[in-house]
Amino acid sequence: MKQTDHRIRVTKLLIRRAFTELLRRKPIQNISVKELCALAGINRGTFYSHYADIYDLLKKLEEEMAADFEKALEPLLRADGQELTPLKITTGIFQCLKDNVDICTMTLGPFGDKEFAARLISLGRENYIESYSRLFSGATPKQLEYYYAFVSAGCIGLLEKWLADGMDSSAEEIAETAEKIMTCGVQFLQVP
């Protein structure tokens, strides 16, 4: 049983790698199962034993990442006020993104699924509003919404830069950078 589970994991990893590589180069509607299987080094029957088609593969990969994203956010919502910090929230999110770098790269690329990116931002918004309303009890819901809109757009830009740099910094370093930018604004540039 363990050997079968291992083979399935390896096969799905090969498919995932081949798919994300192809999606970096062209839109999903131009990717064929035949081409994906050739790149992954598997036969079509193996692909179809796991996925109905290319769109089913995309859906399942996105569901896995969304579940990982929710899992990364979950402890943040259970933490009491003393354990919960903006840095912990941001580090958890960036670590999840680093763990799913291939999907992030494909989502943010020219042929990425922008609806999925919007779904993650929306999921983050729900959790952020709840967490930050506890941290900043004097803030109005509108202030929290505006702040989230601003910060999420900035964090996407930061993520794109981090990806372009090969994610050579740790998730915590990027989270610290994001937090300093969020709390200090332009003064971030003057901090040693």
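Helices here are DSSP runs of H or I, at least four residues long, numbered from the N terminus. By that rule Glu21 has its place in helix 1, residues 2–25. The model is a predicted one.

Start with the overall layout. The protein chain has nine helices and zero strands. Along the sequence the pattern reads α-α-α-α-α-α-α-α-α. The C-alpha trace spans about 60 × 35 × 30 Å along its principal axes. Of the 192 residues in the chain, 38% are buried.

Glu21 is partly exposed, with a relative accessible area of 31%. From Lys12 to Glu130 the C-alpha distance is 35 Å, and the sequence separation is 118 residues.

Move on to helix 2, which covers residues 33–40. Which of its residues are buried? They are Val33, Leu36, Cys37 and Ala40. Viewed down the helix axis, these buried residues fall within an arc of 95°, so they line one face of helix 2. The other side carries Lys34 and Ala38, both exposed. Gly41 follows helix 2, and its phi is positive, near 75°.

Aromatic rings come next. A pair of aromatic rings is described by the distance of the centres and the angle of the planes. The count comes to three aromatic pairs. One of them joins Phe47 and Tyr51. Their ring centres are 5.5 Å apart and their planes stand at 40°, so this pair is tilted. Planes under 30 degrees apart would count as stacked, and planes over 60 as edge-to-face. Phe47 and Tyr51 are both buried. Ring pairs also bring in Tyr48, giving a cluster of Phe47, Tyr48 and Tyr51.

Another pair is formed by Phe94 and Trp162. Here the centres lie 5.6 Å apart and the planes are at 80°, so the pair is edge-to-face. This pair links distant parts of the chain. Phe94 belongs to helix 5 and Trp162 to helix 8, 68 residues apart. Phe94 is buried, with a relative accessible area of 2%. Trp162 is likewise buried, at 2% relative accessibility.

Now look for empty space inside the model. Rolling a probe the size of a water molecule over the atoms shows where empty space is left. The structure holds one cavity of 30 Å³ or more. The largest cavity has a volume of about 470 Å³. Which helices supply at least two residues each to its lining? They are helix 4 (54–78), helix 5 (86–99), helix 6 (101–108), helix 7 (114–135) and helix 8 (141–164). Helices 5 and 8 are also the two that hold Phe94 and Trp162.

The lining of the largest cavity comprises 24 residues. Those nearest the centre are Phe69, Ile93, Leu97, Tyr148 and Cys155.

Cys155 leads to the last topic, the cysteines. At 19% relative accessibility, Cys155 counts as buried, since the cut-off for buried is under 20%. How many disulfides does a search of the whole structure find? The search finds zero. A disulfide calls for a pair of cysteine sulfur atoms within 2.5 Å. Cys96 is buried, with a relative accessible area of 4%.

How values were computed. Residues numbered from 1 in each chain as written. Predicted model: local features only at pLDDT ≥ 70, side-chain atom pairs only at ≥ 80, totals over all residues. Heavy atoms only, no water. Buried < 20%, exposed > 50% of the residue type's maximum accessible area, 1.4 Å probe, protein only. Arc of directions from axis to C-beta. 1 Å grid on protein atoms, 1.4 Å probe; cavity = no way out; pocket = protein on both sides within 12 Å on 5 of 7 lines; lining within 4 Å. Points joined across faces, edges and corners; volume = space filled by probe spheres on them. Phe/Tyr/Trp six-rings, centres within 6.5 Å; stacked < 30°, edge-to-face > 60°.
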